[in-house]
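The structure is shown first.

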Amino acid sequence: MSREDPMQPNRPELRSARLLLRPIEARDADAMQSYRGREDVTRYLLHEPLSPAATRARIAQALERWDEYPAEWFSLNFAVELLGAWEGDGAADEDGVEAIGDLRVWNLLPDGSGPASEEPSIFWLGYAFHPDMQGKGYAREAAARLVDWLFDEHAASEVRAIAWAPNTASIGLLEKLGFRAFLTLDAEQEPHPKKLPAVHLRIDAAAWAARAAPTAPAAPTAPTAPTAPTESEES
Ligand SMILES: CC(C)(COP(=O)(O)OP(=O)(O)OC[C@H]1O[C@@H](n2cnc3c(N)ncnc32)[C@H](O)[C@@H]1OP(=O)(O)O)[C@@H](O)C(=O)NCCC(=O)NCCS
């Protein structure tokens, strides 16, 4: 169920247990550059470490896409804040709370020039977090919240992500959410100059709903005698 503010359907604010996901803002530039400006964070991203000016340009483009929302085709960049940061640990100032990472969901190219998927119900997901905020489950929690939102609020049929094969942190995150690989490209097939093998992963609406559904208690069954294994079980 969505916790989107019904008063501001064009400015969704999504909450999870520990996080707030909100539209990226111009004031997020310093925070974003503190991680997207790093070599270790961008190693498996499409872009090289961002300069402050490149970060501002990236956010300016994201704001243009937010101005067009709601729309059937979109590319939306969310900043992630720790909910606890509002509660007096010093992370909040008059400008608000510093973002710890950001995620983007899209079926439209980031410059708005055309579709990024063959159908509007197929979305892509991407993310990057500050290294100080990795290894705490925040990225997975944020990604799960956004995937929920796409299936609940945007009738997504499928959500996809692309990771380069050596990016085991990202592939592990996606697999723990239930994404499964459906395409692998070796380094020569990969158009990007980084020339790394790529894994394309996806989850569809039925698989996401099955993952979210509470497990029904197993009906009691009478003990049965062991049977001989079938051919397929033996192989
Ligand atoms: C990809 C990226 C977002 C993954 O971040 P991450 O913090 O490692 O991912 P998660 O949120 O899944 O956290 C995982 C770890 O947090 C730890 N953790 C601690 N507390 C936790 C909690 N409450 N819940 C879940 N995990 C928790 C777990 O040990 C877990 O590791 P495991 O899954 O191996 O057991 C991060 O590496 C990154 O920003 N990379 C640079 C950008 C990038 O490559 N983006 C992806 C391009 S495809």
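Which helices and strands each supply at least two residues of the shell around the ligand? In this predicted model, they are the strands β7 (122-129) and β8 (158-164) and the helices α4 (138-153) and α5 (168-176). The largest share, four residues, comes from α5.

The ligand is surrounded by 20 residues, of which Tyr-127, Phe-129, Gly-135, Arg-140 and Lys-176 are the closest. By residue class, the shell divides into 11 nonpolar, five polar and four charged residues. Polar atom pairs between protein and ligand include those in the table.

| Residue | Protein atom | Ligand atom | Distance |
|---|---|---|---|
| Tyr-127 | backbone N or O | nitrogen | 2.8 Å |
| Tyr-138 | polar backbone atom | oxygen | 3.5 Å |
| Asn-167 | side-chain N or O | oxygen | 2.9 Å |

Taken alone, the ligand exposes 960 Å², and the protein buries 68% of that area.

**Nonpolar core**

The largest nonpolar core comprises 54 residues, and Leu-103 and Leu-125 have the most contacts inside it. Helix α4 gives the most to this core, with 10 residues; α4 also supplies at least two residues of the ligand shell.

With its neighbours within four places in sequence left aside, Leu-103 is in contact with residues including Leu-21, Leu-76, Phe-78, Val-80, Ala-142, Ala-143 and Leu-146. Its contacts also include Leu-125, Tyr-127 and Phe-129.

Definitions and conventions: Residues numbered from 1 in each chain as written. Predicted model: local features only at pLDDT ≥ 70, side-chain atom pairs only at ≥ 80, totals over all residues. Heavy atoms only, no water. Near = heavy atom within 4 Å. Polar contact = N/O pair within 3.5 Å; in protein donor to acceptor, adjacent residues only side chain to side chain. Areas by Shrake-Rupley, 256 points an atom, 1.4 Å probe, with all protein chains shown as cover. Nonpolar A, V, L, I, M, F, W, Y, C, P; charged D, E, K, R; others polar. Core = buried A, V, L, I, M, F, W, Y, C linked by side-chain atoms within 4.5 Å. Buried < 20%, exposed > 50% of the residue type's maximum accessible area, 1.4 Å probe, protein only. Contact = heavy atoms within 4.5 Å.
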